[in-house]
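Open the model in your viewer and keep the selection tool at hand. Each stop below says what to select and what is there.

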Amino acid sequence: MHITIKPLVWSISTGWKALEDLYNVVPGELTVVTGVLNSGKSEWIDALLCNLNRSVGWKFALCSLTTLKNIINVII
């Protein structure tokens, strides 16, 4: 008789092997990304969403007001 125990919480890799032991995406769980200005938070989130789209096909709608502000400043 073989018994397989499945974890109660499943997670999805971020797509970066170096990060797997520290963080994985868990559906339904809130993750807060913080840091100082211009430290790459928005770029990291953008890359994470792209990785999740490639690996599991999730779709996202994203509104980054700081990025929008920078685009508006360039246009003006």
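The tour goes along a helix and then to some aromatic rings.

This is a predicted model, in which local features need pLDDT of at least 70 and side-chain atom pairs count only at pLDDT 80 or more, while totals for chains, interfaces and linings use all residues. Residues are numbered from 1 along each chain as its sequence is written, and side-chain values use heavy atoms, with hydrogens and water left out.

Select residues 41–56, helix α1. Helices here are DSSP runs of H or I with at least four residues, numbered from the N terminus. The expected span is 1.5 Å times one less than the number of residues. For the 16 residues of α1 that gives 22 Å, and the end C-alpha atoms are 22 Å apart, which agrees.

Next, select L48, L49, N51 and L52, which are buried in α1 (under 20% relative accessible area; exposed is over 50%, partly exposed in between, with a 1.4 Å probe and protein chains only). These residues lie on the same side of α1, because they cover an arc of only 160° around the axis, taken from the directions from the axis to the C-beta atoms. Now select E43 and R54: they are exposed on the other side of α1.

Just after α1, pick G57, which has a positive phi of about 80°.

Finally, show the rings of Y23 and W44. Rings of Phe, Tyr and Trp (its six-membered ring) pair if their centres lie within 6.5 Å; planes under 30 degrees apart are stacked, over 60 edge-to-face, the rest tilted. The count is 3 aromatic pairs. Y23 and W44 have ring centres 6.5 Å apart and planes at 55°, so this pair is tilted.

Note on methods: Helix = DSSP H or I, 4+ residues; strand = E, 2+ residues; numbered from the N terminus.
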